[in-house]
Amino acid sequence: MFFIVFESTTPSSKAALAGEYYLQMQTLLQTQPGFISEVPFASPIHPDQTVLIAKWTDETGVHIWRKQHDHLRIQYKARHGIFETYRLRVGPDSSSSSEGGEQEEGEAQNQTKHKGRFIVLYEGPTTTSTANVTDLLDTAKGSVDDVAAELVDASVYQGEKSMLWISSWPTKAAASGFENAIRRTEGDAVHVFCVKRDYGGIDRSEAPVGADADQAASVAEDGKEVEG
């Protein structure tokens, strides 16, 4: 499985247009090969901040989606006319139940310069209202201080039916340690993935090669069609 975590900040004055773009994207996604799901969450503290968690069968599907013309056009318009800030982190499943952990750790070391090379996504019931990710730990499984010492950053979001905690860790061992120490509840879910790329609107160093040019070209092509 391949994950995309897209966090963004949208001013309230642009919320309606952002909603239109989101619906257009959802329609496009339904026909994309390899697409599994995309779920939105909002910050309970900062209403302008949201996150989309997308799941794909593999990176091939993500690559095809990245090159889709209408997707590129909407991306360009959103980047330059909607978002105040945004950040994407993408990578393959690296949960304790998955294979190839050592290889994934090596890939992350080579492909992202950011310290948070592994992400833990924990989705739990809305009755768990804590904003502190370490409050999710079962102290019987280990020291909270020992686990938290390696935490790079964390954030919490609220969805329609669940809460989502996103935490980043420098190594797979640290991420797995947190994953295994979470106090699990019925109906929850946890995933770990290895970050291959981590980029945003300002820091584009890890953006896919040619992404900016492809987005600009898609808008230019639409302009020619209108003129014609």
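Where is the place of Asp188? I looked this up before anything else, keeping in mind that the model is predicted.

**Entry 1: Asp188**

I found Asp188 in the loop between helix 6 (172–181) and strand 8. Next I asked myself: is Asp188 buried or exposed? Its relative accessible area is 14%, and the cut-off for buried is under 20%, so Asp188 counts as buried. I then followed its side chain, which reaches the backbone nitrogen of Thr185 at 2.9 Å. Setting aside residues up to four places away in sequence, I noted that Asp188 touches Tyr122, Glu123 and Gly124.

**Entry 2: strand 5**

With strand 7 (residues 162–169), strand 5 pairs in the antiparallel sense over eight bridges. With strand 8 (residues 189–194), strand 5 also runs antiparallel, and six bridges join the two.

**Entry 3: the cores**

Which residues have the most contacts inside the largest nonpolar core? I wrote down Ile4, Trp56, Trp65 and Leu88, in a core of 22 residues. At least two residues of this core come from each of strand 1 (2–9), helix 1 (15–29), strand 3 (49–56), helix 2 (59–66), helix 3 (69–81) and strand 4 (85–92). Helix 1 gives the largest share, five residues.

Apart from this core I found another, of 19 residues, with Tyr122, Met163, Ala181 and Val192 among them. Tyr122 was already in my notes as one of the residues that Asp188 touches.

**Entry 4: Trp65**

I went back to Trp65 and listed its contacts, leaving aside neighbours within four places in sequence. Trp65 is in contact with Met25, Leu28, Leu29, Gln32, Trp56 and His71.

**Entry 5: a hairpin**

Last, I turned to strand 2 (residues 35–42), which runs antiparallel to strand 3 and is joined to it by seven bridges. How many residues lie between strand 2 and strand 3 in their hairpin? I noted six. To find the pairing on screen, I picked Phe41, whose bridge partner in strand 3 is Val51.

Definitions and conventions
Residues are numbered from 1 along each chain as its sequence is written. This is a predicted model: local features need pLDDT of at least 70, side-chain atom pairs count only at pLDDT 80 or more; totals for chains, interfaces and linings use all residues. Side-chain values use heavy atoms; hydrogens and water are left out. A nonpolar core is a set of buried Ala, Val, Leu, Ile, Met, Phe, Trp, Tyr and Cys residues joined through side-chain atoms within 4.5 Å. Buried means under 20% relative accessible area, exposed over 50%, partly exposed in between (1.4 Å probe, protein chains only). Helices (H or I, at least four residues) and strands (E, at least two) are DSSP runs, numbered from the N terminus. Contact means heavy atoms within 4.5 Å. Two strands pair if DSSP finds at least two bridges between them. A polar contact is a pair of N or O atoms within 3.5 Å; within protein, one must be able to donate a hydrogen and the other to accept it, and residues adjacent in sequence count only if both atoms are side-chain atoms.
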